[in-house]
Amino acid sequence: MFGNIASFLSSGENIAFFVFALMAIGGAIFMISFNKVVHMVVALALTFISLAGLYVVLDAEFVAFVQILIYAGAISILMIFGIMMTKHQGEEEEPKRPVHNTLLIIGALALFGVLFYAIQNVTLPTGEFKAAEDNTLEIGKLLFNQHVLPFEIMSVLLTVAFIGAIVVAKREED
């Protein structure tokens, strides 16, 4: 079992993948563990940047660039802007639940064990993956030829969500 791990960590690409995956998982865990919203946004930005690193390791540079530009940049700034625009009253801290936390830790460790076992026993197909010569060109062709309708629907949905957020923020202000 540990021989597989040692052989997995023998190349720099695998080590980078492992580090970025741990950072993404850690950022997600911190995001749901923190109590202050600003700290949650910073942890979420760490997760987004780690995912961009994973995309670079997987030779999807364009997707990594968009991940950093849109998610780590724009979404995080939009969330902080939303936090600053809304009023926050001091909320009561929830009582500590040691039994609940213990069960959560046991469940997380059990899930990790099941996933680790499944990953160790999976047989992955071997062969050479041929990436496109120009990822950006291929993404553009797919986006504006085959997937133009979902792309436009998503832009309308995001616009409606943004307008809805403004309406809700203004209503709370009054």
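Modeller: Gladly. In this predicted model, the protein chain has seven helices and zero strands, so its pattern along the sequence reads α-α-α-α-α-α-α. Of its 174 residues, 11% count as buried. The chain exposes about 14000 Å², and carbon and sulfur atoms supply 72% of that area. Among contacts between residues at least 6 apart in sequence, 54% join residues at least 24 apart.

Now to the part you asked about. The structure holds one salt bridge, and its partners are the side chains of Glu138 and Lys141, with an N to O distance of 4.0 Å. Side chains of opposite charge can pair when their charged atoms come close. Here the two residues belong to helix 6 (residues 135-146), and because they are three residues apart in that helix, about one helical turn separates them. Both partners are partly exposed: Glu138 has a relative accessible area of 34%, and Lys141 has one of 42%.

For contrast, let me take you to helix 3 (residues 37-57), where Ser50 is found. Ser50 is buried, because its relative accessible area is 0%. A polar atom of the Ser50 side chain lies 2.8 Å from the backbone oxygen of Leu46. Leaving aside neighbours within four places in sequence, Ser50 is in contact with Phe20, Met23 and Ala24.

How values were computed. Residues are numbered from 1 along each chain as its sequence is written. This is a predicted model: local features need pLDDT of at least 70, side-chain atom pairs count only at pLDDT 80 or more; totals for chains, interfaces and linings use all residues. Side-chain values use heavy atoms; hydrogens and water are left out. Helices (H or I, at least four residues) and strands (E, at least two) are DSSP runs, numbered from the N terminus. Buried means under 20% relative accessible area, exposed over 50%, partly exposed in between (1.4 Å probe, protein chains only). Contact means heavy atoms within 4.5 Å. Accessible areas come from the Shrake-Rupley method with a 1.4 Å probe; for residues, only the protein chains shown count as cover. A polar contact is a pair of N or O atoms within 3.5 Å; within protein, one must be able to donate a hydrogen and the other to accept it, and residues adjacent in sequence count only if both atoms are side-chain atoms.
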